[in-house]
Amino acid sequence: MTGLAELDPAHVTWDPASRAKRRSDLRLLGASRPLAWLLLHGIIRNRRDVAKVPGIGYVITGAVACREAAIDNDRFVKDGPRSAGVLLTQVMGPTALLNMDGPDHIALRRRLQGLFTPKFVKEIADRALTPIAAEVTADLRAGKTLDASLLARRVTGTMMVNMVGLRLEGEARERRASEMYKLGQKLVGMVPTRVTALGPEKVAAASKVFEELVAGIDEVHADGPEDTIPGRLRELGFTLEETRGVVGMLLIAGTETTSTALVRILSLLHDTRQWERLERDRTMLDNAIEEGLRCATPVPVSTRTTSRDCEFHGVRLKKDKLVLIAWARAIQDKRVIERGGEFDIGREIPRELRLIWFGAGPHFCLGYNLAMRELQTVLTALLDGAPSLEVVQRRAARKVLLPTWDELLVRRAGGAAS
Ligand code: HEM
């Protein structure tokens with residue numbers, strides 16, 4: 001039973017390493033793909049920054065080494081034979097960003113500089129999310145229970161519909177948002193755990209899903225307004241094929257990552273009782289999001305291939321081997337962060353880890369601004385509706401690579417607002 005004093009944010013004390021957080025971490029990992037996580041956290045207990053893992057290749061674990069590897073696209077490339085880039089090209093064409101490297105990739109990123117300007121990100125996020133945010137606040141204030149996981153999928157799906165510029169309203173828009181979220185998830189799920197080129201049947205199946213995902217882009221690219229991404233890319237001189245590759249990647253890279261982040265940050269804030277701490281001082285919001293992204297690491301590993309025989313952090317590497325840059329290990333590197341397993345929204349994130357959950361170097365996340373804006377908007381709406389928060393029920397997602405809650409029912413503690 002929650003006492004009245006506890007409902008007042010001013011009286012709640014927090015615990016960055018609470019039992020509730022440890023219990024949640026275990027539940028999430030146990031339900032996801034525990035073997036993959038055991039491999040990352042348990043088996044690779046090397047003292048060095050690079051581990052050779054038979055049957056896989058190399059895993060880079062240190063914070064400094066991970067950043068260095070991501071920046072170094074001389075030794076570590078995205079478009080090598082053992083990388084997922086091969087699959088992306090088969091299904092999405094040659095300009096899907098994460099299948100490119102070197103001068104072509106740098107030139108494409110340069111052309112994309114005018115895409116996610118702060119003004120455009122604000123406009124597109126406000127247009128897509130203001131109605132949802134208002135509804136969330138009102139529902140919580142009325143004492144209703146919300147499924148935060150469903151909300152996160154709705155937010156990222158609606159963002160997609162807006163980015164693509166589909167001219168849909170009301171129910172049709174909501175339906176397409178949910179459909180697009182599922183299609184993106186399905187496409188990601190079609191990437192095999194072991195990276196090899198896909199056979200013709202699998203390419204055909206994945207291409208069909210991709211076509212459904214990008215349906216409507218052609219028309220918007222042809223004559224849609226500039227406040228849509230295809231329309232904007234057309235004005236920036238992108239061909240239809242380039243636009244399909246770039247937009248397809250935005251849809252895939254920006255969906256599950258952001259929705260997982262939202263659900264995990266919310267549950268971390270709740271489980272460590274820092275929701276109320278944040279409510280007391282909302283200037284901590286951006287730091288809370290960064291610390292949440294550090295702990296949840298929505299992209300736990302990035303892949304590369306070695307371009308040649310070389311040495312890295314004292315280890316000899318062979319050409320054409322798969323390299324996993326393990327961000328999920330880097331964020332707890334004891335050499336750069338103390339109590340890395342704890343979630344503390346007041347901590348100063350060490351320089352070595354700054355934004356590392358968004359990658360580094362030429363492939364640094366293109367949607368970083370947009371992801372931050374989405375998280376800020378939704379968390380603010382939830383705080384406005386529920387200054388003190390209760391989790392009513394939750395269910396961990398099973399057999400997924402990104403541990404998350406499939407269902408996270410939350411409500412305003414203490415009932416409806418008077
Ligand atoms: C919390 C949410 C997000 C996280 C944690 C995240 C993380 C990352 C990371 C780690 C990379 C680098 C991958 C690598 O080095 O191999 C990346 C790349 C990328 N991200 Fe994000 N991302 C997020 C949201 C988004 C959003 C919202 C979008 C777009 C709408 C987006 C679009 C991209 C694209 C297009 C790339 C590829 C860039 C390139 O290869 O040049 N991401 N992201």
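How many bridges pair strand 1 and strand 2, and in which sense? Strand 1 (residues 50-53) and strand 2 (residues 57-60) pair over four bridges, in the antiparallel sense. Strands pair if DSSP finds at least two bridges between them. Helices (H or I, at least four residues) and strands (E, at least two) are DSSP runs, numbered from the N terminus.

This is a predicted model, in which local features need pLDDT of at least 70 and side-chain atom pairs count only at pLDDT 80 or more, while totals for chains, interfaces and linings use all residues. Residues are numbered from 1 along each chain as its sequence is written.

**Strands**

V53 stands opposite G57 in strand 2. The two strands form a hairpin with three residues between them. In the turn, G55 has a positive phi of about 85 degrees.

An open sheet is formed by three strands, in the order 4-10-9, with antiparallel pairing. Strand 4 (146-147) and strand 9 (389-396) stand at the edges, each with a single partner strand, so one side of each has no neighbour in the sheet. Strand 4 pairs with strand 10 (residues 405-412) over two bridges. There, D147 has L409 as its bridge partner.

**Helix packing**

Two packed helices are described by the angle between their axes and the distance between the axes. Axes are lines fitted to C-alpha atoms, for helices over the stretch in contact, and angles run from 0 to 180 degrees between N-to-C directions.

| Helix pair | Angle | Axis distance |
|---|---|---|
| helix 5 (residues 85-92) and helix 10 (residues 200-213) | roughly 65 degrees | within 9 Å |
| helix 8 (residues 148-164) and helix 9 (residues 170-189) | about 105 degrees | 8 Å |

The angle of about 105 degrees between helix 8 and helix 9 makes helix 8 roughly perpendicular to helix 9 (65 to 115 degrees). Residues are in contact if their C-beta atoms, placed from the backbone, lie within 7 Å. Helix 8 brings residues including R153, R154 and M160; helix 9 brings R173, R176 and Y181, among others. By class, this contact has five nonpolar, four polar and four charged residues. Nonpolar means Ala, Val, Leu, Ile, Met, Phe, Trp, Tyr, Cys and Pro; charged means Asp, Glu, Lys and Arg; the others, Gly among them, are polar.

Helix 5 meets helix 10 through Q90, V91 and M92 on one side and V203, A206, S207 and F210 on the other. That contact divides into five nonpolar, two polar and no charged residues.

**Ligand shell**

The ligand is surrounded by 24 residues (C-beta atom, placed from the backbone, within 6 Å). The closest are G254, S302, G359, C365 and G367. Helix 13 (240-253), helix 14 (256-271) and helix 18 (368-385) each give two or more residues to the shell. The shell has 16 nonpolar, seven polar and one charged residues.

Notes:
Contact = placed C-beta atoms within 7 Å. Parallel < 35°, antiparallel > 145°, perpendicular 65-115°, else oblique.
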